[in-house]
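Here is a friendly walk through one protein model, with an eye on its charged pairs and its nonpolar surface. Have a look at the fold first, then read on.

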Amino acid sequence: MKLRWEILKHYILEIGIYLCAFLFVYAAVSKLLDFETFETQLGQSPLLSAYAKPVAIGVPLLELLISFFLVFKRTRRIALYGFFAMMVMFTTYIVIILNFTDFVPCSCGGVLEALGWTEHLIFNICFIILALIALVLKKKQDDSQKMSLIKPRLFIISIISIFIGGVISVSTLYLLSEKEIQRNNSFLRRYPPHPVTTIKGLNIKYNSYYIAGVAEDRIYLGNTSAPAHILSVDTMLSNIKTYAIKLDNEQQITFFSPQIRIHTPYFFLIDGNVPVIFKGKISDWEAKLFWRGDSNHLISQVEPVSPTQFVFRSIDKKSNQNVIGRFDFESYDTIRISDNLLQKQTDGIFDTDGQLRYNSELNRILYVYNYRNEFITSDIQLKLDYHGRTIDTVRNAVIKIASTNSGKVRTLAEQPLIVNRQSYSFGKYLFIKSDRLGKYEPEEMLGDASIVDVYNLRKHTYEFSFYLYNYKREKITSFQIYRNILIGLSDHYIVLYRLQPLNFELNY
């Protein structure tokens, strides 16, 4: 009986070792066969974007090296320790992805890439347990053959040390990568005392809401998960109403990503991927087809200027670059395109990515670039007013572009450096939310608040900055300004902040 048990343990150990070796060989070969995609996916990772190149080379080589050592009996024990450490690090990576970052593509290669993050986490934990079983059996085998006399206590300490070391190393890499992306000591912000104060917040339960607009002291929220659903609340956050949009959709149009925009007394349901615009009144929330374009007029951002005028961003098919355009349904010149407002630096698509805004008080179109310290303003005729610079020092977009599918599809090869994360314009001001730290700014503030820089569009100057503090530990992800109120939206709350008259000159 004892002999059978020893034989069984031997086979369990052998099968476990070869399963570990096969996993790493398969994963490494899959990565190396499509190395460019693997490196691109690592570059897009919020944990590893700053170290994508060395990690892309080092991980498959380590996997092959560990697999090679697992084959030979003399090196199996140290190889099993290495396999255990790598799996702990991979699992820590997934835990951080699931809990502390946005979704990024899996970079494991092969069939493993088809697994979801939760399934992948379970898969990794199973192999960690397998590695632990193999290590215990290997120790007992070595002890019986007097090849190793490691004491049980020392063996347990070594396992715990490797586990803790793997967790700490990946966590440190994450923190260092975030620090390198966010830190910039080349500019200095001015922070006056308390220009913005928190009024109150309201739990809206779901994180799929976005600010569709504000009209007549009511805030309207659209919902990406339920495009026909509207949540409306007054500017005291006390009176809540919900509406269901009714479409006169006789042509049975299939929508892709519809968005609601409010321009009192009207609302518009816009889907630039169709492309189509429905128009209705907020008094009854019934909308009829207002305009339908074709594949030559696909648009990615649309802002209403008047009940019959819209500004939009699109991709020009001739130049394959982003352009700004205008719809005017009361003019003979219905569609007008300007191909000289957005300035290309590298590719004309990713480097000109940004946020299109309309300031009704100044009657001006604004475009804030995401990846450089620049914004532009123009009149409604798409005539450039001026190029503005933010206080950040990044003048050229820090992006890396990769081609996939035999060069037909371009994508970002790594996580880009975002200079201007969000923006809104009201009155004579431009508000830009940034995650970039300037001189003497404590890093812990990024965990407690968002940084908003304020620019004067009339004087063409930087005015000051303020902290938009988190509400109920949730960071404000988007915002709009209505009169003297800043309306912020986090994952589960709508929050009101008051703009103090001592700091802001607002006419309304």
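Predicted model: local features only at pLDDT ≥ 70, side-chain atom pairs only at ≥ 80, totals over all residues.

The protein has 508 residues, of which 51% count as buried, and it holds seven helices and 27 strands. Among contacts with a separation of 6 or more, 53% join residues 24 or more positions apart. The exposed surface comes to about 25,400 Å², with carbon and sulfur atoms supplying 57% of it.

Now to the charges. Side chains of opposite charge can pair when their charged atoms come close. The count here is 13 salt bridges, including these:

| Salt bridge | N to O distance |
|---|---|
| R313 and D353 | 2.9 Å |
| R372 and E374 | 3.3 Å |
| R421 and D435 | 2.5 Å |

R313 sits in strand 12 and D353 in the loop between strand 14 and strand 15, so their pairing ties together parts 40 residues apart in sequence. R313 is buried at 9% relative accessible area, whereas D353 is partly exposed at 21%.

In the next pair, E374 is buried at 5% and R372 is buried at 1%.

Finally, the surface patch. Y18, L62, L65, F68, F69, V71 and F72 make a nonpolar patch of about 640 Å². Helix 3 (residues 52-71) gives the largest share, five residues. Y18 belongs to helix 1 (residues 2-33) and is partly exposed, at 43% relative accessibility.

Technical notes. Residues numbered from 1 in each chain as written. Heavy atoms only, no water. Patch = residues over 30% accessible without salt bridge, like charges linked within 9 Å, V, L, I, M, F, W, Y side chains within 5 Å. Areas by Shrake-Rupley, 256 points an atom, 1.4 Å probe, with all protein chains shown as cover. Salt bridge = Lys/Arg side-chain N within 4 Å of Asp/Glu carboxyl O. Helix = DSSP H or I, 4+ residues; strand = E, 2+ residues; numbered from the N terminus. Buried < 20%, exposed > 50% of the residue type's maximum accessible area, 1.4 Å probe, protein only. Contact = heavy atoms within 4.5 Å.
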